[in-house]
Amino acid sequence: MDFDFISERDASVEADSVVRIVLISGTCCNPSLEAADERSRRVIEEAAAEVGVEVRIEMMTMTSAYYSAPKDVKKRPLGEFAGGGLSMPAILIGGKAVSYGVPSLEVMKAALLAASIQKKEHENE
């Protein structure tokens, strides 16, 4: 699922070496999901430390993501979440979903390394 509308927000304030992560939380609809958000944050931070990538984690509720999304994007994630088909939180890097639900350490390490490489390649263009 593509969330490019989120990756464009505040991109100019980020240092080139920082990987920006958006964690879309479902706590606006289900407060009990806060524990999953916290576990996800810890996994992201641990993965970043292990691979040596600096990250900035931005929290966003599903409601905020929904209301800031273009019409063609907003139908799918909220519909899937409401129907129980989308695990929360959704974790995005560069506007692309890399994980739904609490990610594994290995998934996050791979995603962070890929994002870091992509940033470096972009800097060298």
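Predicted model: local features only at pLDDT ≥ 70, side-chain atom pairs only at ≥ 80, totals over all residues.

Q: What holds paired strands together in a sheet?

A: Strands of a sheet pair through backbone hydrogen bonds, and the pairing is either parallel or antiparallel. Now look at a single case here. Leu23 has Ile91 as its bridge partner in β3.

Q: How many residues lie between the strands in the hairpin of β3 and β4?

A: Two residues lie between them. Look at Gly94 in this hairpin: Gly94 takes a positive phi near 65°.

Q: Which way do the side chains of β3 point, and are they buried or exposed?

A: Sort them by direction. From strand β3 (residues 90–93), Ala90 and Leu92 point one way. Ile91 and Ile93 point the other way. All four are buried; the cut-off for that word is under 20% relative accessible area.

Q: In what order do the strands of the sheet stand?

A: Read across the sheet: β2-β1-β3-β4. These four strands form an open sheet, and the pairing is mixed.

Q: Which strands stand at the edges, and why is one side of each left without a neighbour?

A: The edge strands are β2 and β4. Each has a single partner strand, so one side of each has no neighbour in the sheet.

Q: Where does α2 lie?

A: Helix α2 lies across β1, β2 and β3. Its angle to β2 is about 165°.

Q: Where is Glu54 found, and which residues does Glu54 touch?

A: Find the loop between α2 (34–51) and β2 (55–61); Glu54 is there. Leaving out residues up to four places away in sequence, Glu54 touches Ser17, Val18 and Val19. Take Ser17: 37 residues separate Glu54 from Ser17 in sequence, but their C-alpha atoms are 7.0 Å apart in space.

Q: Why does Glu54 count as partly exposed?

A: Its relative accessibility is 49%, so Glu54 counts as partly exposed. The exposed class starts over 50%.

Terms used
Residues numbered from 1 in each chain as written. Heavy atoms only, no water. Buried < 20%, exposed > 50% of the residue type's maximum accessible area, 1.4 Å probe, protein only. Contact = heavy atoms within 4.5 Å. Pairing = 2+ DSSP bridges. Axes fitted to C-alpha atoms, helices over the stretch in contact; angles between N-to-C directions.
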